[in-house]
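I set out to read this structure entry by entry and to note what I looked up. The sequence and the model come before my notes.

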Amino acid sequence: MLKKFFRSALASIFTVALASTTVLPTAPVQAQTQCPEVTRPQIAQLFDRWNRSLQTGDPNKVTLNYARNAILLPTVSNKVRRNHKEIHDYFVTFLQNKPVGTINYRSIRLYCGVAIDSGIYTFRLTTNGQTQEVPARYTFVYNKVGNQWLIAEHHSSAMPEPVSSAK
């Protein structure tokens, strides 16, 4: 008898808890029906635009490639960059190495209003007159903002193992 009482009381408590935490949407969620047209070559050109901005040495020009709420997970910093100010700050230092990027391998995937370019790139960096090549993995997630494609998320990480030049 006591068991039935506790079960009933517990069921009532759960019912009240669920009812008070269930939030019904006020408006139905609608899928995007007008997807911007874009091709893989157009997305590939976005890396070229970004790479050219690096070569200007101007962190302001590099930052313009990123959406206002972009995330940068950079290669040579442990700090996650969450906005233009922080992204700009990263490139002030990184651009001192005169980076020039080259795509070694890429895969571009297209979705409605989003494009993802992932692969491997190599950066030629020059510091104190000495040049080194640094291979890294990358992912750029682009989003159409207004009339241009901007970087919404950029992840770059050094290769974890030595890279062989033989394929």
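My entries follow, from the sheet to single residues.

**Entry 1. Ground rules**

I work with a predicted model, in which local features need pLDDT of at least 70 and side-chain atom pairs count only at pLDDT 80 or more, while totals for chains, interfaces and linings use all residues. I number residues from 1 along each chain as its sequence is written, and side-chain values use heavy atoms, with hydrogens and water left out.

**Entry 2. The sheet**

I took helices (H or I, at least four residues) and strands (E, at least two) as DSSP runs, numbered from the N terminus. Two strands pair if DSSP finds at least two bridges between them. In what order do the five strands of the open sheet lie? I read the order as S1-S5-S4-S3-S2, and the pairing is mixed. Strand S1 (66–73) and strand S2 (100–111) each have a single partner strand and stand at the edges, so one side of each is left without a neighbour in the sheet. I noted that neighbouring strands of this sheet are turned by 20° against each other on average, direction ignored. For such angles, axes are lines fitted to C-alpha atoms, for helices over the stretch in contact, and angles run from 0 to 180 degrees between N-to-C directions.

S1 pairs with strand S5 (residues 148–158) in the parallel sense, over four bridges. Within this pair, Ile71 has Glu153 in S5 as its bridge partner. S2 and S3 pair in the antiparallel sense over 11 bridges, and Tyr111 stands opposite Val114 in S3. These two strands form a hairpin with two residues between them, and Gly113 in the turn has a positive phi of about 80°.

**Entry 3. Helices across the sheet**

I counted contact as heavy atoms within 4.5 Å. Which strands does helix H2 (residues 40–55) lie across? I found H2 across S1, S2, strand S3 (114–127), strand S4 (130–145) and S5, running at about 145° to S2. Helix H4 (residues 84–94) lies across S1 and S3 and runs at about 55° to S1.

**Entry 4. The disulfide**

I searched the whole structure for disulfides (a pair of cysteine sulfur atoms within 2.5 Å) and found one. It joins Cys35 to Cys112, with S to S at 1.9 Å. Cys35 lies in the loop between helix H1 (2–21) and H2, and Cys112 in the loop between S2 and S3, so the pair ties together parts that are 77 residues apart in sequence. The torsion about the S-S bond of Cys35 and Cys112 is about -100°, so I recorded the disulfide as left-handed.

For accessibility I used these classes: buried is under 20% relative accessible area, exposed is over 50%, and partly exposed is in between (1.4 Å probe, protein chains only). Cys35 is partly exposed at 40%, and Cys112 is partly exposed at 30%.

**Entry 5. Salt bridges**

I defined a salt bridge as a side-chain nitrogen of Lys or Arg within 4 Å of a carboxyl oxygen of Asp or Glu. How many salt bridges does this rule give? The count comes to two.

One joins the side chains of Arg106 and Asp117, at 2.8 Å from N to O. Arg106 lies in strand S2 and Asp117 in strand S3, so the pair ties together parts that are 11 residues apart in sequence. Arg106 is partly exposed at 26%, whereas Asp117 is buried at 0%.

Arg81 and Asp89 also meet in a salt bridge, at 3.0 Å from N to O. Asp89 is partly exposed, with a relative accessible area of 44%.

**Entry 6. Arg81**

Is Arg81 buried or exposed? I recorded Arg81 as buried, at 6% relative accessible area, and placed it in the loop between S1 and H4. Arg81 and Ile71 are 10 residues apart in sequence and 5.7 Å apart in space, C-alpha to C-alpha. Leaving aside neighbours within four places in sequence, Arg81 is in contact with several residues, including Ala70, Leu72, Pro74 and Tyr90.

I also looked up polar contacts (N or O atoms within 3.5 Å; within protein, one must be able to donate a hydrogen and the other to accept it, and residues adjacent in sequence count only if both atoms are side-chain atoms). The side chain of Arg81 reaches the backbone oxygen of Glu86 at 3.2 Å, and a polar atom of this side chain lies 3.3 Å from the backbone oxygen of Lys79.

**Entry 7. Thr63**

I located Thr63 in helix H3 (residues 59–63), and Thr63 counts as buried at 5% relative accessibility. A polar atom of the Thr63 side chain lies 2.7 Å from the backbone oxygen of Pro59. Apart from neighbours within four places in sequence, Thr63 is in contact with His84, Ile87 and His88.
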